[in-house]
Protein chains: 2
Amino acid sequence: MVAPLLELLSLLLILAVSPEPTIAAHSKPKPFRPLTPLRMQALLRRHGRSSSSQGSKLVAAAADGTAANPFTAHYFPQELDHFTFTPNASMVFYQKYLVNDTFWRRPTGAGGAAAGPLFVYTGNEGDIEWFATNTGFMFDIAPKFGALLVFIEHRFYGESIPFGNNSDNSAETMGYLTSTQALADFAILITSLKRNLSAEAAPVVVFGGSYGGMLASWFRLKYLHVAIGALASSAPILQFDYITPWNSFYDAISQDYKSESLNCFSVIKATWDVLDERGSDDKGLLELSKLFRACKTVKYADSIGDWLETAFTYTAMVDYPTPANFLENLPAYPVKEMCKIIDGFPANADILEKRPLMFCGWGWQACTEMIMPMTTSHESMFPPSTFSYDESSDACFQSNGVRPRPHWITTEYGGYRIDKVLKRFGSNIIFSNGMRDPWSRGGVLKNISSSIVALVTEKGAHHLDLRYATKDDPDWVVEQRRQEVEIIQGWIDQYHQDMA
Amino acid sequence: MVAPLLELLSLLLILAVSPEPTIAAHSKPKPFRPLTPLRMQALLRRHGRSSSSQGSKLVAAAADGTAANPFTAHYFPQELDHFTFTPNASMVFYQKYLVNDTFWRRPTGAGGAAAGPLFVYTGNEGDIEWFATNTGFMFDIAPKFGALLVFIEHRFYGESIPFGNNSDNSAETMGYLTSTQALADFAILITSLKRNLSAEAAPVVVFGGSYGGMLASWFRLKYLHVAIGALASSAPILQFDYITPWNSFYDAISQDYKSESLNCFSVIKATWDVLDERGSDDKGLLELSKLFRACKTVKYADSIGDWLETAFTYTAMVDYPTPANFLENLPAYPVKEMCKIIDGFPANADILEKRPLMFCGWGWQACTEMIMPMTTSHESMFPPSTFSYDESSDACFQSNGVRPRPHWITTEYGGYRIDKVLKRFGSNIIFSNGMRDPWSRGGVLKNISSSIVALVTEKGAHHLDLRYATKDDPDWVVEQRRQEVEIIQGWIDQYHQDMA
């Protein structure tokens, strides 16, 4: 029994290093457990894709081990706080960004009127090289558009760390990690870059996936004068406040597993009681620890359960139709694969999560702005859980010394009745979602206007459309990407017509 | 000769207390000289319109000494910094706002669907009671709309002073005085107020004049989900960077005077040399000082010139067609009146400006975000002047210990090619301007789309449309206000149709 279990767990281990937005706190107040950039970077280092030196340099981004699209790394002096003039505000940190100009149609006329567009990835919670490598769509379409590719790292991730080694993970330093500051970073960097390239008149389209997709859509809405359009892939901008039912996320995951195999669903659903039972005394915990060769004895069965939940969640998110390129060695349709394994043996499997206790950027964001309430319903395969703003606030205060502003995101960016609000305001946003991805439930799934549109694929997963095209892509992904290219081309054509 | 000169100067003295955006630094680096809220408040106190106690209370706002529209004053706990989670960020200050619910159609259905709209004035650089009193248009039209009137004070003005008596006018405290924080204040206060009134579904229209008009239009663009439309009167949102020719402001003033009397224009134009000549030695300065009964001897003729420039500028701004209600005892068409006096005697008149040296909110803003470059051309009646970003930055550092971010406003709010940018983005903004007002030159003077429109009156002055209607109003003001009401009614009707 141990062998197949280890096989499953090895799969889970791989899946669990995704740097995507993590799950909000559950019923019992407990620290958030997002994945840290450290873990991700460790993974990247193993593959020699990480870099740490300052200055401009050429980096080879190996995508799927097949293509080598070079980009140069640059560092932009960015002010710490764009919204105050307090003494710290003008402190400078160096924000990393990557550029690929292989396909760019350089400006020739005055003001760069003839230049190809800038396609800018609005970086999210992690090393920007990782996002660049995993956003092959931009490389794939750059030649057609003559586009300059720019990938901007989000402040406080990767190498773009204000205070650097002097950061003490307190509110004094981490307090400047907010989405609004990140958006202003993007606006300032893009404006400066265009000026330096004499390409002021070149149109800018922003791209992003997941939290990066949220940033891309918000950027189009808030910095309409900087970007002419946004492709926001798997952007759960409605996962806040009371907009989306709190149980929809875990219900969606449960649905993914149930659709593969009812037995798989039932086995997972029964796991939690087994874990509780086996972990109810020291003897059981010792057995579990030995079984999985844990370096220390597991103290609480809960920690195993949490870790399993995360693994099931990530597997659902990356339920891609093609093999293994989000991280590594991942089969096509991993939910199906996981269920195959699970269907082969009882589901009392578990392992100790060895989580570094260091501070983590997304943990901070999830405890300040990014409060996404989630609960489980009786229909789900997850154990019952509730959510309380007060308990979540207390947990955050305990873990990070900061209290959330749980309603800030909807105040700053909106979300309620978004169809009415954007019906006659704004333009040029694609919200793409795959329904296999639980984050889709907090996304925009219906067209809002003629130019704010939703592209939904029933079988798609977490920002699948942003990945490199492969020969095995199903027709519906090919079609989705074709539509995206067509729509973006329309934005650019219209921009040039308007400017003529 | 002294008597008519004193008459003129008495007029100028009255005019010079306007709290409107002041003129940016000229050629020689010299401190900005905006009008301080203190001076304004002193004026208000004389008329018993100021208040200082905390809590909710009824205040009688005497408008023109004719109508008494009551509003209640309230104080909203507002966080200091919405864009970071640094330790100071969650400090609370009390933001004053005024409410008039006399005409409000209160909500009856669920979510306040049937409620009348909220008409919200986005307060600018001064005591909010002063703006409420001088925005009679909102009181005039409230009955027709069944509107709730709300006037929100801008942070760091009036009674809404973070740190209160502990403010040391340094960057530590004043650094939180920015337009972005002010807009977020408005969004948070409005959202909270609507919830408390069970009027979540009631539409919000924002109103503002001058800097308040800039805030109103930016609020509609940035907080599209909070306000359905904006009336931005005399809002020079294009007076930044290189968007508007730097000499247009003073050329516009010169044009105002020239249009009344070529002699008036020429006399003023000759004034500066006379001043320089007479102020070139101690004897001349002593004579000037005695002539105008200055309490101290004037040290530099420049200071007299500066003061006169300000007076000519403000007179042009408030060149209203009806008598004397922007401050007091002001005749209709004050430029004409001033020229009548000037045409009667030589123009070597001057007086010592007695300017309090205390810190002032607008002075801070003009040294941080609100950098509006202005120069004079040979066509103007003003002495030659240039503008330099570097010198302006040095002057600000010297006067306020802070350096400007001169390109921030256009990065954050846009402005370049605004017609193209907003052509297919955004809706429901009225930009109203009167061409007698020099600030009109930095305003939006042409329709951008079917719902982002410009209402321009050739004879209008600084946010004339926002004033109370009077029986003497010329037809063109009556017509302008009628159009504004019609357009706003259209927004509200459409909103209700969309929500149905």
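A polar contact is a pair of N or O atoms within 3.5 Å; within protein, one must be able to donate a hydrogen and the other to accept it, and residues adjacent in sequence count only if both atoms are side-chain atoms. By that rule, 31 residue pairs, both at pLDDT 80 or more, are in polar contact across the interface of chain B and chain A. This is a predicted model, in which local features need pLDDT of at least 70, side-chain atom pairs count only at pLDDT 80 or more, and totals for chains, interfaces and linings use all residues. Residues are numbered from 1 along each chain as its sequence is written, chains are lettered from A and ligands numbered from 1 in the order in which they are written, and side-chain values use heavy atoms, with hydrogens and water left out.

**The interface of chain B and chain A**

- Contact means heavy atoms within 4.5 Å, and 55 residues of chain B are in contact with 56 residues of chain A.
- The size of an interface is often given as the accessible area lost when the parts come together.
- Here the two chains bury about 4600 Å² between them, 60% of it on carbon and sulfur atoms; buried area is the accessible area (1.4 Å probe) that two parts lose on being put together, summed over both.
- Phe85(B), Arg405(B) and Phe425(B) supply 20% of the area that chain B buries against chain A, more than any other three residues.
- There are 6 salt bridges between chain B and chain A, a salt bridge being a side-chain nitrogen of Lys or Arg within 4 Å of a carboxyl oxygen of Asp or Glu.
- Arg424(B) and Asp498(A) form a salt bridge through their side chains, at 2.7 Å from N to O.
- Helices α5 (171-174), α6 (179-196), α7 (211-222), α15 (408-413), α16 (418-423) and α17 (475-499) of chain B each supply at least two residues of the side that touches chain A.
- Of that side of chain B, α6(B) gives the largest share, 6 residues.

**Chain A as a whole**

- Chain A has 17 helices and 9 strands; helices (H or I, at least four residues) and strands (E, at least two) are DSSP runs, numbered from the N terminus.
- Of its 500 residues, 64% count as buried, where buried means under 20% relative accessible area, exposed over 50%, and partly exposed in between (1.4 Å probe, protein chains only).
- Among the contacts in chain A with a separation of 6 or more, 73% are between residues 24 or more positions apart.

**Helix α9 of chain A**

- Helix α9(A), residues 262-278, has 17 residues and reaches 24 Å from its first C-alpha to its last, close to the 24 Å expected at 1.5 Å a residue; the expected span is 1.5 Å times one less than the number of residues.
- A kink of about 30° in α9(A) is centred on Thr271(A); the bend at a residue is the angle between axes fitted to the seven residues ending there and the seven starting there.
- Thr271(A) is one of the buried residues of α9(A), which also include Phe265(A), Ile268(A) and Trp272(A).
- The cover over the buried residues of α9(A) includes α8 (248-260), α11 (301-317) and α12 (334-343) of chain A.
- At the start of α9(A), a side-chain oxygen of Ser261(A) comes within 3.3 Å of the backbone nitrogen of Asn263(A).

**Salt bridges within the chains**

- The whole structure holds 34 salt bridges over all chains.
- One of them joins the side chains of Lys96(A) and Glu129(A) at 2.7 Å, N to O.
- Lys96(A) lies in strand β3 (residues 92-100) and Glu129(A) in helix α3 (residues 128-133) of chain A, so the pair ties together parts that are 33 residues apart in sequence.
- Lys96(A) is buried at a relative accessible area of 0%, and Glu129(A) is buried at 3%.
- Arg481(A) and Asp473(A) meet in a salt bridge of 2.9 Å, N to O, and both residues are buried.
- Glu260(A), Asp319(A), Lys336(A) and Arg436(A) are linked in a network of salt bridges.

**Ser210 in each chain**

- Ser210(A) has a positive phi of about 60° although it is not a glycine.
- Ser210(A) lies in the loop between β6 (204-209) and α7 (211-222) of chain A, and its relative accessibility is 0%, so it counts as buried.
- Ser210(B) has a positive phi of about 60° and is not a glycine; its place is the loop between β6 (204-209) and α7 of chain B.
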